[in-house]
Amino acid sequence: MRSSVFLSAEGEGFVPPSSNDFELPPIFGDNPFTTKPIFLVFLSVILVSVFFILSSRKAAIVPSKFQFAGESIYAFVRNDLARDVIGHEFMRFVPYLFTLFTFILTNNIFGIVPFLQFPTMSRVSFPYVLAITVYLVFHYVGIRKQGAWKYFKEIMFMPGVPKAAYILITPLELLTFLLVRPLTLSLRLFANMFAGHLLLLVFILGGEHLLQGVIGLKLISPFAFFIGIVLTFFEFMVQCLQAYIFTLLAALYIAGALADEH
Amino acid sequence: MSNTVILAAGEKINPLVPHTAELIVGAIAFTLLFLVLRSRVVPMFEKAFAARTEAIQGGMERAEKAQLEAQRALVQYNEQLSKAREEAQTLREEARAQGSAIVEELRAKAQEEAARITAAAHASIEAERQQAVTSLRNEVGTLAVELASKIVGEALEDQARQSRIVDRFLDDLENSKSK
């Protein structure tokens, strides 16, 4: 589809990929619920659900390879993210963090899966939604645990700080908790996926464009494709890393809200 | 289709502006996945983990129990052994005591027997002596009477007569004795 865009734009020479390449039109008429990212999100829900339901169905003491695969991912989120970060109350948050991690990971990896090739999280709406859930969860947990008054008092007036410093710290802390945290959380994920995909587009579409040029450009084209492939592996790493970081930060925020003093 | 894209290419779209449809779908999809994973997947994995922990702990507990039992058996054996030794000791002591008691008894018996024999001998000697005394007294009496009658029957005038009488008496005595 993107190549068709290209062909139609070919008359004016190479059009570098831009943010407009992420605005995919609806597949069925004008219905905004039928775009590719939306289908991908639903596909990710189906894939993750099916994979984990099947791998956890037997819950055998001695796991099969399939069960072990699912279990390893679950154990990673459960032990290395939830338990190590949150502490003894971690079990309450495992389903949430597990969903967060698998959902983001799958949608990120869609970016390099052949034929799908679109990281859903490069559509900013999805990271926004996820950041909002994190925001709601960690504030809710903090208020539940410490009471609304004490919770916000500790956010605004950090204990153990000289009184004069509150002039500076209170607005900063409020800003951090209420705005910066969810914003950075969602923008980090979005920007990484967006930039990564853009990078791949540049090299692969660029290589394609070079292939249509004169003979000298045709010879350069394989290098562009090669770098595109190398970047694909790099992207895979970034995609896993971003899923991990998002979940880790969510766990950290929850842990902070649960702790008596931050 | 490409028409829309080309149209869109004219103006730059701000990628930070969310789409309502995507927001809704994102929220629904995430909630859906959350519900599925929470209800179907997490409990199953937790079950497997718990079962595994249980299995490992159960094995360890069993081993511990077996060891405890072995220890208890060892203690019991040692106890029994020492009890048997003690019993042997008491038996030996008892036997020794019994042996010495038997010896003592025998000695006492022997002494008693000896005493009895001595007493019997004393008694028989005494009886014989008594008998001898009795018979001697009888004989002396008769002799005295005989002698007296002889003395009274014959006048003892002189030495010669006297000695003759005595000689005759002694001869008679001798004769009576040899009779």
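## Chain A: overall build

Of the 262 residues in chain A, 37% count as buried. The model is a predicted one. Chain A contains eight helices and zero strands, so that, read from the N terminus, its elements follow the order α-α-α-α-α-α-α-α.

Taken along the principal axes, the box filled by the C-alpha atoms of chain A is roughly 70 × 55 × 40 Å. When contacts in chain A between residues at least 6 apart in sequence are considered, 64% of them join residues at least 24 apart.

## Packing of α2 and α4 in chain A

Helix α2 of chain A spans residues 36-56, and helix α4 of chain A spans residues 94-109. The two pack with their axes 9 Å apart, at an angle of about 125°.

On the α2(A) side, the contact is made by A:Leu40, A:Val41, A:Ser44, A:Leu47 and A:Val48. On the α4(A) side, A:Thr102, A:Phe103, A:Thr106 and A:Asn107 take part. Sorted by class, the contact between these helices has five nonpolar and four polar residues, with no charged residues.

## Confidence

For the model, the scores are ipTM 0.88 and pTM 0.70. Chain B has an average pLDDT of 85, and 87% of its residues score at least 70.

Within chain B, confidence is highest in helix α2 (residues 20-153) of chain B, with a mean of 91. Helix α1 (residues 2-10) of chain B is where confidence is lowest, with a mean of 43. The pLDDT is below 50 over residues 1-9 of chain B. Beyond near neighbours in sequence, that stretch has 14 contacts in the model.

## Contact between chains A and B

Chain A gives 44 residues to the contact and chain B gives 37 residues. On the side of chain B that touches chain A, the elements giving two or more residues are α1 and α2 of chain B. The largest share of that side comes from α2(B), with 24 residues.

By class, the side of chain B that touches chain A has 27 nonpolar residues, together with four polar and six charged residues. One of the elements on this side, α1 of chain B, is also the helix of chain B in which confidence is lowest.

Methods:
Residues numbered from 1 in each chain as written. Chains lettered and ligands numbered in written order. Predicted model: local features only at pLDDT ≥ 70, side-chain atom pairs only at ≥ 80, totals over all residues. Helix = DSSP H or I, 4+ residues; strand = E, 2+ residues; numbered from the N terminus. Buried ≥ 20, exposed ≤ 12 C-beta atoms within 10 Å, placed from the backbone. Contact = placed C-beta atoms within 7 Å. Axes fitted to C-alpha atoms, helices over the stretch in contact; angles between N-to-C directions. Nonpolar A, V, L, I, M, F, W, Y, C, P; charged D, E, K, R; others polar. pLDDT = per-residue confidence, 0-100.
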